[in-house]
Amino acid sequence: MDRQQRTLDAVIALNRFQNQELPRHKFLESVCEYFDFIKSCELDDSDYRFLIHLSSKAGVPHYYDILHKFNEDKILLKNEENVKLDVISAIIFESTLYTNENSKLHLYQKEVLDFFTTGKLNRYFLSASTSFGKTHLVYEIINKMNYKNVILIFPSIALLSENLSRIKEGKIKLSNDFKIHTLSDSEINPEENNILIFTPERYLSYLDKNKELKVDFIFVDEVYKIDNSYIIDDESKENERDIAYRMSLFYGLTIYTNVDLFIAGPYIDVFEKTDEKYNPSFDLFLEDFKIEKVLLNEYEIVKVNKYSADIKIQTNFDSLDVNLKGKGTKKAKIQELFDRILLQNENAIIYCNTKSIAESVAREYERTEISTENFSDFLNHLITTFDERWIVIKALKKGIGVHHGVVPKYIQKEIIDLFNQAENNLNILSATTTITEGVNTTAKNMIVYKSSKGGGQHIKPLLKFDAKNIAGRAGRFMEHYVGRVITLDNDFLEVIEKDGKPIEHKNYDIQTPKNEVEFEMTKAEYLDDRTKEQIEELRKLQEQFGIPDYIINQFKVISKRQKIDIYKDISQLSTAQLSLIKKLISSLNSTTMSLDKDGFQIILDIILPRVENEKLKALIQNRFKFKPDDVNDYSILFASLSSYISAGFQGNYNYLLSRKLIVKKITPKEFSSNSKEKEISECIDSAMRETAELIYNTFKYQLVKYLGVFNLMYKYYISNIENKSLEETSGIDILLIKLEYNAFSEEAKIASDYGVPNKIVAYYDAKTAEQAKNIQNSFDSYENQIFEKVKKIIKK
């Protein structure tokens, strides 16, 4: 289609929109398409004036602003002195979108911002596209409303630390001088302005200790996670994540009764009452807490075009020429797509349904090793820290980033940063659902490997919500006008077009079974008679054991019955068993910090009947003799945790790798010479995945909560029988901190959250200045770079 016809189509769309014949969101799509076409063309003054007018009518003047990114010679007419009268109205409109001299919203963000006004309760639920800019809008709300104390809840530590660093680095401009907190045990001065940035789990932990702060505003990101069936991320297998989200909202709105609220997420389906799929539970929740709906899913600020690669011809995918003749396998199609995308100087993410497939795609793509000069320090750091044969390192040498939930966090972070900067030659990401968890990338293209999530027994088809969320990662506002999705699985296109599933809130549906954890946040009218009997039974049990509310209400994601049962088991321990636990506590608190096996096994035996996570349960149930002459046998978990405490990530990795090499019958000599390359690579990659899974998921999220409940109940029991306060009673607190943060000082915890190599965390945890200096002197070039970055964030 020639330029004249394209321009005519844009004019027709504009006229139809102004005559109310074309919906606003459809007009927005037409404008995106036209800007994408015209961006590389030669333009004169009349073209500029038309484009200013067009972007103004679309409500997104930013479309005009970024033209220069595609051609540096383009003149931004608005900045010229000879602006014509036909541009003045557009400039006047644009001026209404500025919130300060540095920040300009698009029209649809401004409309949401205008809902927030002083003198009333402001509570809104927003569902909008991934390109909408919801997080940016949150900070505009905070500035406009001049809030004093704010809680921001994000789904991951990665997003928590990203927001922390953006505020500290000045990328987010706040009108008030806020003290920023990200740790649940931070000391908070109510006389200051405070922003608390948490995950749902960390927020609940904060509530166990603090309820006095008067909070003015709460923001909850990715609010769809209140419904377990909506949770796209299958990486951590945390089936209680939905509970943590619902609890965060429930306690946030019941403790702070007059708090303003903004909850948001992408592409959430909310049906009308007349629809046969309608479920009233989410509406009942909104009505109960006076939350108004703002549904803007149709407004794609970056248009996304979708194509199928299930063809055997030479074709064009939105200006991307591909030749799929004779390419019948996924491997061959991926090779062709990647090659063509790179020829156009574009980048791409390929969504894979499992971690192993994401690694296989990176391994199989044939590409000459590229210049790694721009990230040589990072690459050299990985090579000296890990095995050079690890797929993450091998892929980086080809300009491919592997991104999934059990790649160490600081490596994930660096890979995303490199991908977002075109000059680094890292142009492809092979990723799982982690890429949909609010990670911001500059990807023009999204390739879909399979229309499912998870693998093996855990494989599940994608919902419409999942598919739209994945597709929404193609194209980024202020980088592209149009994103491109190419699927290798036609089911993806069918899923994205079919009817969605309504979001549900199980605590507002009497028909939905509820576990005991949810009783406290469910109103009586949504509980059946059997459940009410269980609540009364638990109340009597609590009274029987004399456990006060302030104890039983901590660790909210563990049920009261489980907490009472753990307390009962502790109260029945013999004097000898209690002595062994005290010996464990003493070994943990020693300067060398070690795990006494007999005391720790007693704790594991107590928590085992309450553990629901299958991986954690297996680690406790499977036992071995630590030494041949041992009388008792011990859980495999003890060996894994001991390795982690004494030698960190590498200790666990070495242990798992050695077991895999034995199974494969690979000798040390063969391993060193790499004579069995394929088998050795498989062992290295799976050992890295399993180590990271164990430490970052099983230890950090699963084990820590059960040990936490044990610690609370143990300390309460001991404080009673020894007649001293809870604060004076020693427990396994130091082990809990190690598992959650892998750090002890406040600075080290912040660094750990931010995502840094282990040596930097060790530096901030050093007990003496000399120790810290020795660690710093051992930093490699990459560690020095990251140290300088994180130092600025911690100091400010």
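In the predicted model, Phe70 is partly exposed, with a relative accessibility of 26%. Because Phe70 belongs to the loop between helix 4 (62-65) and helix 5 (85-95), and Tyr481 to the loop between helix 17 (464-471) and strand 19 (482-487), the pair ties together parts that are 411 residues apart in sequence.

A second tilted pair is formed by Tyr567 and Tyr716, with ring centres 5.9 Å apart and planes at 45°. Tyr567 lies in helix 21 (residues 560-571) and Tyr716 in helix 27 (residues 677-721), so this contact ties together parts 149 residues apart in sequence. Both tyrosines, Tyr567 and Tyr716, are buried.

In total, the structure holds 44 aromatic pairs. One aromatic cluster comprises Phe115, Phe116, Tyr124, Tyr147, Phe154, Phe217, Phe219 and Phe262. Charged groups also sit over rings: the charged end of Arg389 is placed over Phe671, 4.3 Å from the ring centre, and that of Lys556 over Tyr251, 5.2 Å from the ring centre.

Helix 7 (residues 134-145) reaches 17 Å from its first C-alpha to its last, close to the expected 16 Å. Of its 12 residues, 9 are buried, so helix 7 is largely enclosed by the rest of the structure. The buried positions include Leu137, Tyr139 and Ile142. Asn146, which follows helix 7, has a positive phi near 55°.

For Cys32, the nearest cysteine sulfur is that of Cys41, 16 Å away. Cys32 is buried at 0% relative accessibility, and Cys683 is buried with a relative accessible area of 2%.

Notes. Residues numbered from 1 in each chain as written. Predicted model: local features only at pLDDT ≥ 70, side-chain atom pairs only at ≥ 80, totals over all residues. Heavy atoms only, no water. Disulfide = S-S within 2.5 Å. Buried < 20%, exposed > 50% of the residue type's maximum accessible area, 1.4 Å probe, protein only. Helix = DSSP H or I, 4+ residues; strand = E, 2+ residues; numbered from the N terminus. Expected span 1.5 Å × (residues − 1). Phe/Tyr/Trp six-rings, centres within 6.5 Å; stacked < 30°, edge-to-face > 60°. Lys NZ or Arg CZ within 6 Å of the ring centre and 35° of its normal.
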